Amino acid sequence: MSKRIFSNIFLSVLLSLPSCFFAQNNHALPDKELYFFDDFTKDPVGGYPKHWTGNAEAAVETPKTYTGRWMKLHSQGAYVPTVERSLPEFFTVEFDYIYEVNGSGNNSTELTFFNRQNKSSLDADFPGEQGVKIYLGDFLVSYMCYTNFDILDKTAGENRSVTIDQHQITKVRVEIRKEIVSLLLNGNMVLEIQRSKSHQALFNTFRFNLWGSVAEPLIGNFSISAL
């Protein structure tokens, strides 16, 4: 049988297959499921973003230097996206990040992933039973894993020298898996945090934290998706 004849037969078979065959195969490779997205376009400029809660100042801005709308974090405290359903077992957090500071002192932006039950996600420095904290500074990034509210068991990560330039957009992506938490900046792997068996609880909340009023980062195109 010639290759041409075989190709024609194969094409005829494909065309005769029911549409559900293709639907089932597409279902086996679904697009990532989006749990939360905010580009702040539905918020009034100057107001607090309506899909976030917090105990510190924030405002939606339209800086002349950058396109779109951004959430600017202004002061010490916590900022939490109001995700309306439980987070999946494995997920990503992605956002555009513009690093800005207005003085000297604690200038890092803290990303906190944690497991907490029956308490506000804004309470306490180390919320919940288990968590991972990632710190984005001007010239280094670092992390800490912990268990239980009293931080009796914690693992501090080594600092990594990574320059995050002010007034430039950095693409931040954090991948949460059972055994590894990964941080990518502009598509480059920066941290791979190994989670010990005592640090493998599922996370149900994410939040930003600022300490002091030195860091004033801008957050854009924030999303949480199933991994």
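Visitor: Where does T92 lie?
Guide: In this predicted model, T92 lies in strand β6, which covers residues 91-98.

Visitor: And is T92 buried or exposed?
Guide: T92 is buried, because its relative accessible area is 2%, which falls under the 20% cut-off for that class.

Visitor: How exposed is R173?
Guide: R173 is partly exposed, with a relative accessible area of 22%, and R173 also belongs to a network of salt bridges that links E94, R173, E175 and R177.

Visitor: How many salt bridges does the structure hold?
Guide: The structure holds eight salt bridges, and one of them joins K72 to E216, where the closest N and O atoms are 4.0 Å apart. K72 lies in strand β4 (residues 70-73) while E216 lies in the loop between β15 and β16, so this pair ties together parts that are 144 residues apart in sequence.

Visitor: Are K72 and E216 buried or exposed?
Guide: Both K72 and E216 are buried. Another buried pair is E110 and K133, whose side chains meet in a salt bridge at 3.3 Å, N to O; with E110 in strand β7 (residues 109-115) and K133 in strand β8 (residues 130-136), that pair ties together parts 23 residues apart in sequence.

Visitor: Changing topic, how many aromatic pairs are there?
Guide: A search of the whole structure finds 16 aromatic pairs. Among them is the edge-to-face pair of F36 and W52, at 6.0 Å centre to centre and with 85 degrees between the planes. F36 lies in strand β1 (residues 34-38) and W52 in strand β2 (residues 52-54), so the pair ties together parts that are 16 residues apart in sequence, and both F36 and W52 are buried.

Visitor: What about F208 and F222?
Guide: F208 and F222 also form an edge-to-face pair, at 5.9 Å centre to centre and with 65 degrees between the planes. The pair links F208 in strand β15 (residues 205-210) with F222 in strand β16 (residues 218-226), 14 residues apart. F208 counts as buried because its relative accessibility is 0%, and F222 is buried with a relative accessible area of 0%.

Visitor: Which residues form the aromatic cluster?
Guide: One aromatic cluster is formed by F36, F40, W52, F91, F95, Y97, Y99, F113, F203, F206, F208 and F222. As for charge over a ring, R85 lies over the face of Y35, at 3.8 Å from the ring centre.

Visitor: How many helices and strands does the whole protein have?
Guide: The protein has two helices and 16 strands, and 45% of its 227 residues count as buried. Among contacts with a separation of 6 or more, residues 24 or more positions apart account for 62%.

Visitor: Where does pLDDT stay under 50?
Guide: That is the case over residues 2-30, for which the model has four contacts beyond four places in sequence. For the protein, the mean pLDDT is 80, and 76% of the residues reach 70 or more.

Key. Residues are numbered from 1 along each chain as its sequence is written. Side-chain values use heavy atoms; hydrogens and water are left out. Helices (H or I, at least four residues) and strands (E, at least two) are DSSP runs, numbered from the N terminus. Buried means under 20% relative accessible area, exposed over 50%, partly exposed in between (1.4 Å probe, protein chains only). Contact means heavy atoms within 4.5 Å. pLDDT is the predictor's confidence in each residue, from 0 to 100. Rings of Phe, Tyr and Trp (its six-membered ring) pair if their centres lie within 6.5 Å; planes under 30 degrees apart count as stacked, over 60 as edge-to-face and the rest as tilted. A charge sits over a ring if NZ of Lys or CZ of Arg is within 6 Å of the ring centre and within 35 degrees of the ring normal.
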